[in-house]
Amino acid sequence: TSGRQIFQPLHTLRNAEKELLPGYHQFEWQPALKNVSSSWDVGIIDGLSGWTTFVEDVPADTISRRFRYDVALVSALKDLEEDIMEGLRERGLDDSICTSGFTVVVKESCDGMGDVSEKHGNGPAVPEKAVRFSFTIMSVSIRVEGEDDGITIFQEPKPNSELSCRPLCLMFVDESDHETLTAILGPVVAERKALMESRLIISVGGLLRSFRFFFRGTGYDEKMVREMEGLEASGSTYVCTLCDSTRAEASQNMVLHSITRSHDENLERYEIWRKNPFSESADELRDRVKGVSAKPFMETLPTLDALHCDIGNATEFYKIFQDEIGEVYQRSNPSREERRRWRSTLDKQLRNKLKLKPVMRMNGNYARRLMTREAVEVVCELVPSEERREALKRLMDLYVQMKPVWRSTCPSRDCPDQLCRYSYNSQQFADLLSTTFKYRYDGKITNYLHKTLAHVPEIIERDGSIGAWASEGNESGNKLFRRFRKMNARQSKTFELED
């Protein structure tokens, strides 16, 4: 990777490369967008533009750059021009009559990245954080005269690749700094709202055609969803961003829940929280609004983020492994020292047998390697009792069968059997947790484990997939972002030396 620099500054790009950047292609909207200028040759703009400052306003002290949403969408569509024309031909549609009725479905993702300060060998690390907001065109379909259903003419084959994930806004903000984040994304939200009420007219394949857009905000991790939707933080007793269950309820009834939350409902609940129309006490009020205590800012689609689901569940299994090595089911309240000892035993075993280096924060790759049958075999070597070993293997076995359902891009095609058995498997899994592993799930359960057990089939029934709508493309894009900053993620050896 240390060869010649392949990414050039904007002013040195050749024309062929400029075509790929937003602001190159002409377009118009009908009706014209509300509060958005009609000029189309707009490139990179300041992320704080669209912000009217009053005398009293403290200007947000952050650097942010973005594209105008409509300009970026046009650029993305023109990039897919050949695919769209190809799709029309494959379906036997005459492209000269297909000029309107196109529908584009867009996945939005937004993710905070820690520590992106410039690295120059040494000196103090500056706590600089960034947030990236991006979108992916998931499908383009067309409705033909006389047909009820739309015909899909383009489907993104790799919805989780950074290649299909187009950055819209980059900002140096801490994702926890709600005020600054919402201030910068405010204009983006306003533009998105305007786009939904209008149609885009651009030339595709030499003819003007009209497109309408649907946005689905699914590429957010739980922290970001809670922030955007006005819910309490993830440690809240309201364990789920999809249903109203409390942590205690979710650990008693692990499987039977249905999706009830929505952006509109969150807005209504916030109004109740703000006005307290029934003059209730704080606790009663909180129970009435189910933990919605801030104004929902951006509409997200209630779903489950496959990547963080992987990570959350692997973290949980790691802790179960630790507890099983120490036979916690027989005793209460082991000391900190003992726990630390079990943990280092586990780490040593995983490193020797599976070459798995201990990590500070669980990451996707570690999670994927940990959640395998071979990993559980290795851990079982450290578990004294035969029946506990059987239970652990059974637990992992069920998990391995469930996982493809929320990982794969199209479960009905890739793993139809596991999809059919999902509800049964999750019931078995829940029974195991609430009996054999009761010591961990008495009145508490982790957020992602609850979602994995309770909500997967319903989301798949609604969307057809969970994996395709995950935030992975955006996460991979984070890597590129670091690369452009000429700055590599914390590559320190300190943690490895510890053990």
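Predicted model: local features only at pLDDT ≥ 70, side-chain atom pairs only at ≥ 80, totals over all residues.
Which residues lie nearest the centre of the largest cavity?

1. The largest cavity. Nearest the centre of the largest cavity lie Tyr-220, Val-225, Thr-241, Thr-303 and Asp-305. They belong to a lining of 14 residues. The space inside this cavity amounts to about 90 Å³. In total, the structure contains 2 cavities of 30 Å³ or more.

2. Division into domains. The domain assignment places residues 10-221 together with 473-488 in domain 1, and residues 306-468 in domain 2. Domain 1 is therefore written as two stretches of the chain, because the bounds are taken from an automatic or database domain assignment. Taken over C-alpha atoms, the centres of domain 1 and domain 2 are 36 Å apart. To their contact, domain 1 gives 7 residues and domain 2 gives 7 residues.

3. Area buried between the domains. About 530 Å² is buried between domain 1 and domain 2, and carbon and sulfur atoms account for 45% of it. Within domain 1, the residues that lose the most area to domain 2 are Arg-216, Asp-221 and Glu-475. Together these three make up 57% of what the domain 1 side buries.

4. How many salt bridges are counted between domain 1 and domain 2? The count is 1. Arg-216 is paired in a salt bridge with Asp-463, and their closest N and O atoms are 2.7 Å apart. Across the interface, 4 residue pairs are in polar contact. The side of domain 1 that touches domain 2 comprises 4 charged, 2 nonpolar and 1 polar residues.

Key. Residues numbered from 1 in each chain as written. Heavy atoms only, no water. Contact = heavy atoms within 4.5 Å. Buried area = accessible area lost by both parts, 1.4 Å probe. Salt bridge = Lys/Arg side-chain N within 4 Å of Asp/Glu carboxyl O. Polar contact = N/O pair within 3.5 Å; in protein donor to acceptor, adjacent residues only side chain to side chain. Nonpolar A, V, L, I, M, F, W, Y, C, P; charged D, E, K, R; others polar. 1 Å grid on protein atoms, 1.4 Å probe; cavity = no way out; pocket = protein on both sides within 12 Å on 5 of 7 lines; lining within 4 Å. Points joined across faces, edges and corners; volume = space filled by probe spheres on them.
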